[in-house]
Structure formats: structure tokens, C-alpha cells
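Thanks for sending this one over.

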Amino acid sequence: MKTMKRQRGMTAIGWLFVLGMLAVLVMATLRLFPVYMDGMNIGTAVKSLQEDREPYSSVGDVRSRLERRLSINGIDFLGREEVQISRDGDAYVVDVNYESRVPFMYNIDFVVSFSYSARAQIR
């Protein structure tokens, strides 16, 4: 009887397991990528309020400029409860806190939380 000195390669079940795990990883990436891109766009819009050279005259002015920047990037899902604007001394403090729920498969969802803050100068 001959015995194998060394085993080479993976079995078919091993390959199926690896490919299945890779498919789950690719599917999760495809589901979460747009959410993180929207988050980056929102963060950029909030930080641009802080870097704006023209001072702000009111809370409504800050909100309208932020909404304009967000609409340029196609972001329209933020409501007034997610965007808080308050006055703190010589600046307006803009806080954006929101969660995004992304369905993954069956009853499994991803919940992603984002939080951004900036100080906008007052006239």
C-alpha cells in the first residue's frame, strides 16, 4: 500500500468555504461603501463651514449654507433633528449626529453612526 508523503492543495469544501467568506465580505463592502461616501461628504460640508471666509449672520444663514453644500452632493436625508446649531460666544456650533441602517441579508442589518462638529464664525 502506497501512502502520500505530502498533501497538496485544498479540498473542494475548503474552496467553497473560502469563496463563501469572500462573497460575504464583498457583499458587505458593496452595501457599506455608499454609506461611508455619504458620511465623508457630510463631514466635508460641515468642516467647510468652519473654513468659510465670509462670517455668518444667523442660525438660518448657517443652516441654509450647510443645506446648499449638502444638496450639491445629493444628500437630502438629514432632518432638523440630526443637525443642531447653537450659539457659543463668537461662533455658531454645528453638530451633525445621525445613524444609517443598511440591510445586509435576511434579518441582519448594519447600523453605522456618524458625528461631525464645526464652529462657524459670527459677523
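1. Which residue in the turn between strand 1 and strand 2 has a positive phi? Glycine 89 does, at about 70 degrees, in a hairpin with 2 residues between the strands. Strands here are DSSP runs (E, at least two residues) and helices are too (H or I, at least four), numbered from the N terminus.

2. A word on the basis: this is a predicted model, where local features need pLDDT of at least 70, side-chain atom pairs count only at pLDDT 80 or more, and totals for chains, interfaces and linings use all residues. Residues are numbered from 1 along each chain as its sequence is written, and side-chain values use heavy atoms, without hydrogens and water.

3. Strand 1 (residues 83-88) pairs with strand 2 (residues 91-105) in the antiparallel sense, over 6 bridges; pairing calls for at least two DSSP bridges. Within this pair, serine 86 sits opposite valine 93.

4. Strand 2 also runs antiparallel to strand 3 (residues 108-121), joined by 14 bridges. Valine 102 has phenylalanine 110 in strand 3 as its bridge partner. This hairpin too has 2 residues between its strands, and tyrosine 106 takes a positive phi near 50 degrees.

5. Do look at the largest pocket, with a volume of about 160 Å³. Its lining divides into 6 nonpolar, 1 polar and 4 charged residues; nonpolar means Ala, Val, Leu, Ile, Met, Phe, Trp, Tyr, Cys and Pro, charged means Asp, Glu, Lys and Arg, and the others, including Gly, are polar. Helix 2 (residues 59-72) gives the most to this lining, with 4 residues.

Technical notes: 1 Å grid on protein atoms, 1.4 Å probe; cavity = no way out; pocket = protein on both sides within 12 Å on 5 of 7 lines; lining within 4 Å. Points joined across faces, edges and corners; volume = space filled by probe spheres on them.
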